[in-house]
Structures are given as structure tokens and as C-alpha cells.
Amino acid sequence: MPNTFKMDNIPFSLLNEGEKRLLSTHLDIAYYQQGETVIAAGDVPEGVYIILKGRVSESEASSENEAAQHIFVHYENEDYFGGWSALRGTAIHNFVAEEESICHILPTRTLLELMASNAQFADYFQQNLAVKREIVAQHGGNQDMAEFMLAKITDAAVRDPLVVEQGVSIREATELMRHKKADCVLARKGGRLGMVTGTDLLDAVVLEQRPLETDVSEIASYRLVTIDHEDYLFNALVMMTQQQIERVVVLSGQEMVGVVELTDVLSYFSSHSHVIGLRIERAASIDQLREAALGLNELIKALISTGVKIRFTMDLLAAMNGRIIAKLFDLTVPADMQPHVCLIVMGSEGRAEQIMKTDQDNALLFRDNLAWADKQATMERFSATLISFGFPPCPGNIMVSNPEWVNSVGDWTQKMSDWADTCEGNALMKLAIAVDAKPVAGNEALFKVARNWFLRHLRNNDVFFSHFARAAVEFDTPLTFFGNLKDRDRLDIKKGGIFPIVHGVRTLALEQRIIKTNTFQRIEQLIEQGVVREQHGRDLSEALALFIQLRLRQQIKRTEEADDGVDPTPNQIDLQQLNKLERDLLRDALHVVKGFKKHLAQRYHLGG
Amino acid sequence: MIIPRSIRRLTEKRQHREGPWSELFETYKGDEVVSLDCETTSLDVKQAEILSIGAVRIKGRKVITSERLDLKLKPPKSLSGDSIKIHKIRASDLADGIELDDALEQLLAFIGNRPILGYYVNFDIRVLDKFIRPRYGFGLPNKAIELSHVYHDIIKWKHVGGDVDLRFDTISSKLDIPMLERHTALGDAITVALMYVRLKYGVIPNTSY
């Protein structure tokens with residue numbers, strides 16, 4: 001059997017041995033010379049094409065007089081293409097060999113056969129980005145993460161398994177569980193083990209009215225969810241959340257070593273972040289607070305490098321940063337002034353999407369006619385202290401040390417509406433930062449008054465939204481770069497991916513008067529209100545999470561390599577550092593962005 | 001060697017026109033070619049025993065690897081140290097091999113009257129003939145396509161003077177064809193098939209030595 005075909009790549013690695021054999025016995029190999037059409041739009045494709053060598057581009061079926069065809073994507077070694085066309089029965093795009101290419105062809109019939117026998121493989125082929133990411137996450141997602149701390153399964157309390165043989169009755173099992181203070185038991189049936197939980201016992205006896213003499217192995221569930229004892233504890237938590245279960249069986253090789261329970265996992269984690277939280281809360285001086293703040297950096301680094309889901313990390317960091325800033329506010333601003341002012345954070349901090357400490361974007365609102373002589377001096381001290389905590393100053397000087405960002409509620413609302421009316425780039429940028437504001441300390445009511453006024457003010461102002469949305473479609477989304485890894489191997493992910501999503505969602509959210517500031521939450525709300533279709537929303541969220549994750553990993557690496565510990569190009573993604581799978585996902589994610597931009601252009605009439 | 005073979009073929013064609021294998025002798029009209037490779041115990045036809053046979057069909061620009069022949073034979077008595085070194089096939093690897101009779105039957109059915117392509121294909125054909133003739137009364141009547149000739153003709157045409165390097169590895173690297181499993185019969189047959197398709201349909205490679 002020729003092993004020219006690499007089975008290690010997802011989705012083919014999802015197949016079992018038998019299915020892999022079936023696949024490899026049905027593969028053909030085809031040769032295409034440069035410029036030759038592999039699949040033409042409208043054709044019935046033979047199947048899925050997997051590139052052995054060469055490069056193929058996918059482009060829109062062009063009308064005759066259109067000179068330059070618009071190329072969507074390049075496919076390279078080991079990429080596959082035409083899956084969608086094969087399933088549809090006809091191709092909607094042209095696939096052309098950009099250079100001499102040799103492709104394996106997996107016939108549609110075999111593809112369908114494999115999809116019928118392997119649900120995960122089918123999901124990967126058919127589904128959208130969100131599902132793909134999930135499948136990837138379950139199958140060796142975290143391999144290339146740096147070796148960092150964070151708890152392994154063995155660090156948490158792994159409980160000794162309570163195993164009973166087949167033939168033990170429900171009554172006996174229950175007695176044994178009570179005696180051993182366990183809340184689940186593993187029942188052996190033949191060579192297999194099945195889980196019986198307290199709930200299973202209750203269901204069997206109370207709901208199904210089975211006699212107490214019933215063999216427990218009859219009510220056990222044999223689809224055990226397992227995790228290796230060397231795996232990260234956090235992954236056990238993710239697994240439990242995904243599958244909605246509370247126990248995972250721990251294996252060492254093929255051998256069962258115990259059971260880890262949700263409560264154990266949660267208590268382990270809470271104790272960690274809890275400690276830092278406590279230190280922040282109890283800090284009595286700025287020095288103590290600074291120490292706690294610096295400890296936070298380490299926790300974040302550890303979370304990131306171990307592949308904890310990016311949204312959890314961002315939420316945790318946002319919460320912690322918020323508490324640090326609030327505590328500093330507490331220590332800096334006199335107590336009698338606190339009810340009359342409100343500190344807000346804006347930009348990525350306000351959206352709770354900051355991970356590496358970028359810059360502080362903050363502002364202060366105060367009650368109209370407030371008399372506070374020391375105000376500006378206090379705010380300067382506040383900014384300087386934050387800088388000493390490791391929050392770099394904002395290059396645009398959007399922080400409370402700048403009087404422009406210290407306003408009475410009346411002035412603030414006036415400023416916002418002025419910005420909205422000018423429709424000029426710089427003003428709109430300031431506005432974009434300001435509408436992501438979130439109160440962190442002081443009197444929240446001041447902030448809410450201003451925000452609600454502004455949202456009402458914008459109602460039905462179509463001209464504004466059209467101008468505001470334009471920025472989201474301004475930068476081209478680069479989908480053709482995959483072919484030119486050699487000469488153009490860097491991609492500005494902020495311009496190409498992150499900003500269009502964040503800003504587009506921000507615009508939609510403003511229009512719908514959604515008060516959430518986090519992009520993921522905004523998307524959820526947009527779905528709820530029926531503005532965005534659920535599928536699209538989920539894809540957008542996954543795309544954004546992917547961009548942030550990829551960027552972050554390279555940021556950390558560059559920060560560590562740089563002499564001064566500063567990443568000179570924070571938004572660059574070096575494509576050569578991505579593996580095949582990541583390139584695949586990145587490509588899908590950029591497709592999502594492209595579609596979203598199209599949607600925005602239509603909605604806000606942004607021709608061209 | 002070539003002339004006697006064609007004369008013999010004519011005679012054999014007459015003899016077998018009415019026989020069960022008459023189809024093999026008809027002139028081939030289709031567009032398929034079979035790429036064939038045998039691993040043998042010796043490079044001398046008289047002594048060579050067949051260890052394995054690999055073959056794939058080529059249809060147009062496509063190598064139909066899904067329809068292929070991958071035959072391992074029972075170990076011959078002559079399996080010696082030298083050929084083990086080349087092919088890394090030991091007697092134990094062939095323990096579950098099939099009988100030669102069976103293999104030849106399958107091979108003839110697979111090839112039919114299609115042209116046979118190979119790298120130094122005459123050697124393979126002569127070894128096969130050595131075993132086919134006593135059993136069937138004829139040798140393989142198929143047209144033979146020699147890969148190195150195809151390559152040579154194209155290169156010579158572009159490149160006047162000098163000897164053309166016809167080593168297998170050179171050809172495959174000049175044509176930028178990924179080497180599949182070298183020294184398994186099927187792997188070599190597929191590689192040769194790809195080189196052939198590449199020469200037939202691709203751009204002529206640049207051969208500045």
C-alpha cells in the first residue's frame with residue numbers, strides 16, 4: 001500500500017484504522033500543469049482533492065468580461081479543497097493549478113461512506129468554523145504550548161475508584177457508596193467498566209421503579225469520558241463543561257487510576273485566583289497593591305501558555321484588572337469625592353478583551369459643578385501609579401492624566417455627540433474607544449446617565465452609522481497570502497481580522513442600543529435580538545477568539561525574545577510559525593470576516 | 001533483441017487468436033497505460049525470481065491508484081543476501097505471499113492489452129515472459145513504453161550534446177516528482193507513472209546541468 005498520503009492531518013486523523021485503509025485504497029493521483037483548471041465552476045467534482053505537491057487557487061466564477069478574477073484562497077501542500085463542492089454535487093468556484101500540482105483525489109462516494117461511518121469526520125467536513133474548532137480542541141489542540149506551570153490532573157484530588165463486579169445489586173452498591181463516602185461507583189461488566197452515579201441510582205429506583213435487586217451493571221453508562229493523568233486539570237474542566245458531566249475517569253496509559261470530580265476541579269482553581277483576589281482586596285497601601293498586580297502577570301502567562309480557552313483568560317484578567325484599578329481608585333481618590341466621580345475604562349480594557357497589558361485607556365466623569373481643586377493632580381498621580389503597576393501609558397494619551405478625558409457628565413455627553421456629528425476619522429476613532437467604556441470605580445450612575453443619553457441620541461441616525469461602520473471594511477482581508485509564504489509571510493491580524501469584527505459588532509450593537517461592551521457578549525445579544533443569525537454569530541466569535549489566540553502566542557514569544565521585553569510588532573502574525581491546522585483554521589476564520597464585511601457593506605450601504 | 005521479439009509476437013498472435021487470451025493480442029484502442037514494476041532476486045534475467053509485482057493504471061493525466069495490483073509472492077528458494085539488501089524484502093516478509101501461477105493470472109487480467117510502462121521495462125517484461133511462456137505458451141504481447149526513453153527524447157530535444165543522465169533518482173528529481181516508497185514494486189510503479197504523466201502533460205523541465 002503506498003503511504004504517499006499523510007493521515008496525520010485533521011480531518012483524516014479522525015478516522016480509525018479500518019476507515020484509513022478504506023480511504024487509502026480509493027485514492028487516485030492526478031497531475032495538473034500550471035494554469036490548468038482542476039475543477040471548473042458548474043462541474044461535478046470527482047471528490048475531495050488533497051494536494052501532494054503544488055499550489056491551487058480558488059476563485060469566483062467570473063463573468064466573461066471581468067478581466068482580473070478574484071482569488072479567494074490558495075491551497076498548498078497537504079491542504080484539501082473541493083469538499084464543499086463534492087458534497088453539493090457541483091462546484092461553485094473555479095479551482096486552478098497555480099503551479100504544477102499533484103493531487104490525491106478522494107472520490108465523493110468514498111467520502112460519503114466515511115462520513116456515514118465517522119460522525120466526527122463528517123462534522124469536520126460539513127460544519128462551520130465553530131464546530132471545527134471544537135473538534136480540534138478535543139484532538140490534540142494543545143501540543144505545542146510552552147511547558148509552563150498550571151495544575152496537572154495528578155495535582156488535584158484524584159479519588160480512588162470504587163469498583164464493583166457484575167451481579168452486585170443496586171442496594172448493595174448504594175450501601176457500599178455510603179460506607180465509602182463515594183458518590184459514584186464503577187461497575188464491571190465483562191471487560192468493560194461503566195459509571196453509576198447517585199443520580200443514576202435515583203433514576204433507576206424512583207423513576208423507572210426497578211427492584212432494588214437489579215444488577216447495577218444494567219444501569220451503568222459505559223461511554224466513559226476519560227483523561228490522561230498527565231493532562232492539564234483545566235482540560236478536564238473544559239471537557240466536563242462541553243459534555244455536561246461532573247466526573248471524568250483518569251487513566252494512566254490504559255490503566256484506570258481514579259476519578260476526578262467537578263467540585264474538586266473547581267475548588268482547586270478557585271483557590272488559585274482567589275488568593276490573588278484576596279491580596280488585591282486586602283492591600284492597604286499602593287506598594288502592596290503593586291505586588292499583587294505583578295503576581296497577576298504570572299498567573300495570566302501561565303493560563304495562556306497552557307492553552308486555557310482564551311475567553312476564560314480574558315474574563316479572568318478583565319475582572320482582576322478591574323479590581324486592581326478599583327482598589328487603586330479607592331486608595332488614591334479621597335473618600336468624600338468618590339460618590340461624585342466615576343472612573344471608566346475604555347477600548348479593549350472596556351470590552352474586557354485585553355490580555356497582554358497593552359495601554360491604559362481610561363477617563364473620569366464627575367458630577368456637573370463639582371468643586372474639587374486637587375482633581376487633576378490626583379488623576380496625574382493615578383495614571384503614574386498605574387504605569388508603575390505595568391499598565392503602559394496610552395500613546396494617544398487617552399487617560400485621566402490628560403484633562404481632555406476628565407469631564408463633567410454634561411461636557412462628556414456633548415463631546416460624544418460632537419464626535420458623532422463630525423463624521424471625521426479622528427473623532428470617530430475617539431468615539432469608538434469611548435463607546436466601549438465600562439465603569440470600574442466610583443459612582444456608576446454618572447456613567448449610566450451619560451451612556452443612556454448617548455444611545456438615545458443616536459437613534460435612527462443612519463448617516464452616522466454609515467460613517468461609523470465604514471472603518472470596519474476599510475482594510476482588505478488578506479485571503480490570498482497563503483500562497484506566498486516566502487515573500488509575504490506576515491499578516492497584520494488586527495487590520496485584517498480583529499478590527500473588522502470588533503468594530504462591525506460595535507456598530508451593530510450601538511445601533512441596537514446594546515449596553516454590553518464585550519464583543520463576544522455583544523454578539524450573543526445580537527443573536528438574541530435576531531440581528532445576526534446564530535450560525536454567523538458563533539462563527540464570528542470563534543474567528544475572533546482564534547485571531548486573539550494566535551496573536552497572543554506570537555506576542556508572548558516576541559516579548560520573551562526582545563531585549564527590552566517589548567514586542568515591536570504586536571499585531572503581526574508570522575505565518576511560517578503556524579502549522580498546517582492553524583493555517584486551515586485561520587483561512588476559514590478570514591472567510592468569516594470577509595462574509596461579515598460584505599454583510600456590513602450591504603446593511604450600511606458602503607458601496608465599493 | 002527487439003526484432004526477434006516482434007517476430008515472435010506475430011507468430012504467437014497467430015497461434016492464440018482463437019484461445020482464451022486472444023484479447024491480449026488485439027491492438028489497444030483506449031487511452032490507458034499500465035505502469036509496472038517487479039522486484040526480483042537478481043538483475044540477470046536467467047537467474048531472476050520474482051518477489052513482488054506492483055502495477056497501476058494511468059488514464060489520461062490521472063494515476064488510478066485506487067485500482068492497483070500489489071502482489072507479494074511466496075519466497076523463492078533463491079532469495080539471497082544481495083537482493084535483500086536492495087529491496088529489504090526478507091523471506092519472512094513474503095511468508096503470506098501468493099503462488100506465482102495465481103499472481104500471473106491476476107497480472108494478465110489487470111494489464112489486458114494496454115501498453116506497459118516501466119523504468120527499464122524490458123527487463124521486467126523478459127523476467128515475466130520467462131515465467132509466462134512455459135505456462136501459457138506466449139510472452140507478453142503488449143506494447144512497451146520505456147520511461148527513460150520518453151525522458152531522453154524530450155530532454156535530448158531541448159539539450160543538444162552531452163549524455164543525458166538517466167538514473168531513476170535523477171529523473172525523478174529533475175521532474176520534481178516526490179519519491180514515494182522507493183524499492184517497493186508498487187511505490188516504484190506509482191512514481192514511474194507520475195513521471196510519465198508529468199512528461200506527457202507537463203512543461204518540459206529545465207535541464208541545465
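This is a predicted model: local features need pLDDT of at least 70, side-chain atom pairs count only at pLDDT 80 or more; totals for chains, interfaces and linings use all residues.
Trainee: Where does A:A352 lie?

Mentor: A:A352 sits in the loop between α12 (347–350) and β16 of chain A. Those labels are DSSP runs numbered from the N terminus: helices are H or I runs of at least four residues, and strands are E runs of at least two. Residues are numbered from 1 along each chain as its sequence is written, with chains lettered from A and ligands numbered from 1 in the order in which they are written.

Trainee: What is the phi of A:A352?

Mentor: Its phi is positive, about 60°, although A:A352 is not a glycine. Chain B has a case too: B:Y120, also not a glycine, has a positive phi near 50°. You'll find B:Y120 in the loop between β4 (116–118) and α4 (121–136) of chain B.

Trainee: Is A:A352 buried or exposed?

Mentor: Here you count neighbours: a residue is buried if 20 or more other C-beta atoms, placed from the backbone, lie within 10 Å of its own, exposed if 12 or fewer, and partly exposed in between. A:A352 has 24 C-beta neighbours inside 10 Å, so it counts as buried. B:Y120 has 14 other C-beta atoms within 10 Å, so it is partly exposed.

Trainee: How many residues of chain A count as buried, as a percentage?

Mentor: Of its 608 residues, 38%. Chain A carries 21 helices and 20 strands. For chain B, buried residues make up 33% of 209, and there are seven helices and five strands. Walk along chain B and the pattern goes α-β-β-β-α-α-β-α-β-α-α-α.

Trainee: Which strands does β2 of chain B pair with?

Mentor: Strands pair if DSSP finds at least two bridges between them. Nine bridges link β1(B) (residues 32–40) to β2(B), and the two run antiparallel. B:E32, for instance, has B:K59 as its bridge partner. On to β3(B): eight bridges join it to β2(B), again antiparallel, and B:S52 stands opposite B:K72. The hairpin of β2(B) and β3(B) has two residues between the strands, and there B:G60 takes a positive phi near 60°. Strand β2(B), residues 50–59, is mostly covered, with nine of its ten residues buried.

Trainee: What is the order of the four strands in the open sheet of chain A?

Mentor: It's β17-β16-β15-β18, with mixed pairing. β17 (406–408) and β18 (438–442) are at the edges with a single partner strand each, so one side of each has no neighbour in the sheet. From one strand to the next, the twist averages 30°. β15(A), residues 341–345, is joined to β18(A) by four bridges, running antiparallel, and A:V345 stands opposite A:K438.

Trainee: Which helix lies across β15, β16 and β18 of chain A?

Mentor: That's α16(A), residues 444–458, running at about 65° to β15(A).

Trainee: Which residues have the most contacts inside the largest nonpolar core?

Mentor: A core is a set of buried Ala, Val, Leu, Ile, Met, Phe, Trp, Tyr and Cys residues joined through C-beta atoms within 7 Å. The largest one has 92 residues, and A:I344 and A:L365 have the most contacts inside it. A second, separate core of 74 residues includes A:L27, A:F95, A:V96 and B:I116.

Trainee: How many residues of chain B are in contact with chain A?

Mentor: Contact here means C-beta atoms, placed from the backbone, within 7 Å. By that rule, 19 residues of chain B are in contact with 17 residues of chain A. On the chain B side, β3 (62–72) and α7 (185–201) are the elements giving two or more residues. The largest share, seven residues, comes from α7(B).

Trainee: Which strand of chain A is joined to β3(B)?

Mentor: β1(A), residues 28–32, through two bridges, and the strands run antiparallel. Look for A:A30, which stands opposite B:K62.

Conventions:
Two residues are in contact if their C-beta atoms, placed from the backbone, lie within 7 Å. Axes are lines fitted to C-alpha atoms, for helices over the stretch in contact, and angles run from 0 to 180 degrees between N-to-C directions.
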